[in-house]
Amino acid sequence: MAKTDDVVEAPAGVAPVDSTLGYEQARDELIEVVRRLEAGGTTLEESLALWERGEELAKVCRRWLDGARARLDAALAEPSEADARDDEDE
């Protein structure tokens, strides 16, 4: 029976996800991970490591997108200078 604390080693070329990755870099790497998984030809261990890396890259992308959405929502919620002038004219 396998121990629950067993660690699957990442295959060569699969490093831990850097949380400082930019959106485009994380997205491009995620695309490459998906391509490698779809191509097949990897061991089960390599496939699992790639899948886990893909999950982490997807989280990085989601954080960037959530942050961008929050910034857009905040910008849209702020009254513009034109709106402020219109309010003053009334």
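1. Nonpolar core. In this predicted model, the largest nonpolar core comprises 7 residues, namely L21, A26, V33, L50, L57, V60 and C61. A nonpolar core is here a set of buried Ala, Val, Leu, Ile, Met, Phe, Trp, Tyr and Cys residues joined through side-chain atoms within 4.5 Å; buried means under 20% relative accessible area, exposed over 50%, and partly exposed in between (1.4 Å probe, protein chains only). Helices α1 and α2 (44-77) each contribute at least two residues to this core, and α2 supplies its largest share, 4 residues. Helices are DSSP runs (H or I, at least four residues), numbered from the N terminus.

2. Surroundings of C61. Leaving aside residues up to four places away in sequence, C61 touches Y23, A26 and R27, where contact means heavy atoms within 4.5 Å.

3. Residue T20. T20 lies in the segment before α1. T20 counts as exposed because its relative accessibility is 62%. The C-alpha atoms of T20 and V60 are 8.6 Å apart, although 40 residues separate the two along the chain.

4. Confidence. The protein chain has an average pLDDT (the predictor's confidence in each residue, from 0 to 100) of 81, and 69% of the residues score at least 70. Confidence is highest in helix α1 (residues 23-39), at a mean of 97, and lowest in helix α3 (residues 81-89), at 64. Residues 1-11 have a pLDDT below 50, and this stretch makes 5 contacts in the model beyond near neighbours in sequence. Where pLDDT is low, the predicted coordinates should not be read in detail.

5. Basis. Residues are numbered from 1 along each chain as its sequence is written, and side-chain values use heavy atoms, with hydrogens and water left out. Local features need pLDDT of at least 70 and side-chain atom pairs count only at pLDDT 80 or more, whereas totals for chains, interfaces and linings use all residues.
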